[in-house]
Amino acid sequence: MKTIEIKGCAQRILRSEPFKAIFSAVVCAVIGIAVGFLILCAINAENAPKAMGTILKNFMYYKKTNMKLYYFGMTLVKSVPLVLCALSVLFAYKSGLFNIGIGGQYCIGIGVSLWCALQWNLPCVACVLIAVLASAAWGAIAGLFKAFFNVNEVIACIMLNWIGLYLVNILMQHESVMNISKSETFAIVSKSPSSLLPTLGLDRLFAGNQYVTIAIPLTIIVAVIIMIVLDKTTFGYELKATGLNKNAAKYAGMRDRLNIIVTMALAGALGGLAASFFYLTDIQPWKTSSSVPGMGFSGIAVAFLGGLNPIGAIFAGFFIEHITLGGSYIDMRYYNPQIADLISSIIIYMCAFVLFFKHILSKVTDKIPLSKSAKGGE
């Protein structure tokens, strides 16, 4: 009897959506790592195992505990914008929209948060809120085009990405904000220390890493809130219903146009939050750029690797950043410095196949005949 119950429980687990999402993500990550390892072997087979081990270790590369903690903190700090960008993508995707404009929304968030800090010397809360509102407005533009003129949001977002980038480049050219000789913004700590995000003692947990701030726990809270909003509220249901079929949603009395605009605005707001949470730690300046930050596009991969689940996005974002930073420790005597970025790119690329593997897994598990105990559980 117990054997039957165990078998039924195993069948329910195999058919469950969380298991399919997790299994598919693991498969994609393993394939990405395997392909990366083969490339390392093709370049220098003798040192390939050590190089891949170094990538996977990341902060564990250091022998001293303090150094491990410090660089573990750095991985967490750099995971924050990646996770929030992923949340922006999955929020829009759950509502039937593809927010490929997260790069531009992220840019606007960077520009506005740094301007508020370096030019206006505003406190961190004001810097974050204004950046969020600006990015929300930027995201809403694509929503407006979609809602009223039926312009494909992908096209609108791609155009807005480049417009946002060049606007920020122009905005940052002010002498009070940017060191013109270096083409990068001044350190916030030298201009407006009150604009920096508070650590609230978290830095002491990571060997005095001053970049570890409240952004890390707040990101987790934001992910939980998004999960609740999408799955447990009427508002989330309306957004998803509008995304599935706006005509049916309109017939049911839902405000389809408003829901589209609100969805893109909230997705944009998350992009602004990602930018402000990262740049207001003062971990790096903004440099005049000719390309849209890759953070937005990486966020798309992280969203899918996380199974389009807010909690999954947290772990997926940390994993991708862990691999990316781990690549910087590869011995450059045997490999070109760009090899680390290549390995990370391959793994990120493989993340795009999560839904494909999930679909294949669903076909396989659906063919497994259910026992009576499994049917009873369902």
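Residues are numbered from 1 along each chain as its sequence is written, and side-chain values use heavy atoms, without hydrogens and water. Because the model is predicted, local features need pLDDT of at least 70 and side-chain atom pairs count only at pLDDT 80 or more, while totals for chains, interfaces and linings use all residues.

**Exercise 1.** Determine how helix 2 and helix 3 are oriented to each other, and which residues make the contact.

*Solution.* Helices are DSSP runs (H or I, at least four residues) numbered from the N terminus. Axes are lines fitted to C-alpha atoms over the stretch in contact, and angles run from 0 to 180 degrees between N-to-C directions. The axes of helix 2 (residues 17-44) and helix 3 (residues 48-57) cross at roughly 140° and come within 9 Å. Angles under 35 degrees count as roughly parallel, over 145 as roughly antiparallel, 65 to 115 as roughly perpendicular and the rest as oblique; helix 2 and helix 3 are therefore oblique. Contact (heavy atoms within 4.5 Å) involves Ile33, Gly36, Phe37, Leu40, Cys41 and Asn44 of helix 2, together with Ala48, Pro49, Ala51, Met52, Ile55 and Leu56 of helix 3.

**Exercise 2.** Classify the packing of helix 10 against helix 11.

*Solution.* Helix 10 (residues 215-232) and helix 11 (residues 234-244) have axes 5 Å apart and an angle of about 70°. Helix 10 is therefore roughly perpendicular to helix 11. On the helix 10 side the contact is made by Val229, Leu230, Asp231 and Lys232, and on the helix 11 side by Thr234, Phe235, Gly236, Tyr237 and Lys240.

**Exercise 3.** Describe the aromatic pair of Tyr61 and Tyr329, and state whether each residue is buried or partly exposed.

*Solution.* Rings of Phe, Tyr and Trp (its six-membered ring) pair if their centres lie within 6.5 Å; planes under 30 degrees apart count as stacked, over 60 as edge-to-face and the rest as tilted. The count comes to twelve aromatic pairs. Tyr61 and Tyr329 are stacked, at 5.0 Å centre to centre with 10° between the planes. The partners are 268 residues apart: Tyr61 lies in the loop between helix 3 and helix 4 (65-94), and Tyr329 in the loop between helix 15 (310-326) and helix 16 (339-350). Buried means under 20% relative accessible area, exposed over 50% and partly exposed in between (1.4 Å probe, protein chains only). At 44%, Tyr61 is partly exposed, whereas Tyr329, at 17%, is buried.

Notes
Helices (H or I, at least four residues) and strands (E, at least two) are DSSP runs, numbered from the N terminus.
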